[in-house]
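Biologist: I would like to go through the labels on this model one by one. For each, please give the value, the cut-off and the conclusion.

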Amino acid sequence: MGNHVNLVKLSVGTESIENMLDWQRVRSQQVRDGQYYHVTRMWPKREDELLNGGSIYWVIKGVILCRQPIMALREIIGQDGVRRCGLVLAPDVIHVAATPKKAFQGWRYLSPADAPPDLAEGRQAEEPLPPELSKALADIGVR
């Protein structure tokens, strides 16, 4: 795709990719249109770039393990009346090369050049390694 940018975000409390997806499935059943929205307080200033092929890369237990394409941004008004951004995410995840990532607050932009590569098509269905093992292997340069 042309010029795009990605986001990177911690999946707090998540133990595995499947655990994250289970949580998203439950949450998506609680909204009228059945889509999963990851709600964030800040509206991305680089909206056009995100919607031009961007994904959210998920950090699970200190390791970037997967990404989900960002389909749309929707305005969500909280119970407190504050405008928030609902990131509409594709329901499927794309596994990426395990890449360690230190903890941070909120989300960050991630350029395509700095994003971990997708795993080969034949490896997408593999059961992922436990995050601790993925992190240990990535720390020593084995992915």
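Biologist: What makes Arg25 and Asp22 about one helical turn apart?

Modeller: Arg25 and Asp22 are three residues apart in helix α1 (residues 17-28), so about one helical turn separates them. Helices here are DSSP runs of H or I with at least four residues, strands are runs of E with at least two, and both are numbered from the N terminus. This is a predicted model, in which local features need pLDDT of at least 70 and side-chain atom pairs count only at pLDDT 80 or more, while totals for chains, interfaces and linings use all residues. Residues are numbered from 1 along each chain as its sequence is written, and side-chain values use heavy atoms, with hydrogens and water left out.

Biologist: Why is the contact between the side chains of Arg25 and Asp22 called a salt bridge?

Modeller: The term requires a side-chain nitrogen of Lys or Arg within 4 Å of a carboxyl oxygen of Asp or Glu. For Arg25 and Asp22 the N to O distance is 2.8 Å, so the pair qualifies. Side chains of opposite charge can pair when their charged atoms come close. Arg25 and Asp22 also belong to a network of salt bridges with Glu18.

Biologist: How many salt bridges does the structure hold?

Modeller: The structure holds seven. Among them, Arg46 and Glu49 meet at 2.9 Å, N to O, and Asp80 and Arg84 meet at 2.9 Å, N to O. Arg46 is partly exposed at 33%, and Glu49 is partly exposed at 26%.

Biologist: What makes Arg46 count as lying over the face of Tyr109?

Modeller: A charge sits over a ring if NZ of Lys or CZ of Arg is within 6 Å of the ring centre and within 35 degrees of the ring normal. Arg46 lies over the face of Tyr109 at 5.0 Å from the ring centre. The charged end of Arg83 likewise sits over the ring of Trp43, 4.1 Å from its centre.

Biologist: How many aromatic pairs are there? Why is the pair of Trp23 and Tyr36 called edge-to-face?

Modeller: There are two aromatic pairs. The ring centres of Trp23 and Tyr36 are 6.1 Å apart and their planes are at 75°, so this pair is edge-to-face. Rings of Phe, Tyr and Trp (its six-membered ring) pair if their centres lie within 6.5 Å; planes under 30 degrees apart are stacked, over 60 edge-to-face, and the rest tilted. The pair links distant parts of the chain, with Trp23 in helix α1 and Tyr36 in the loop between α1 and β2 (37-40), 13 residues apart. Trp107 and Tyr109 also form an edge-to-face pair, at 5.1 Å centre to centre and 80° between the planes.

Biologist: What makes Ser55 buried?

Modeller: Ser55, in strand β3, has 1% relative accessibility and therefore counts as buried. Leaving aside neighbours within four places in sequence, Ser55 is in contact (heavy atoms within 4.5 Å) with residues including Val5, Leu7, Arg67 and Ile70.

Definitions and conventions:
Buried means under 20% relative accessible area, exposed over 50%, partly exposed in between (1.4 Å probe, protein chains only).
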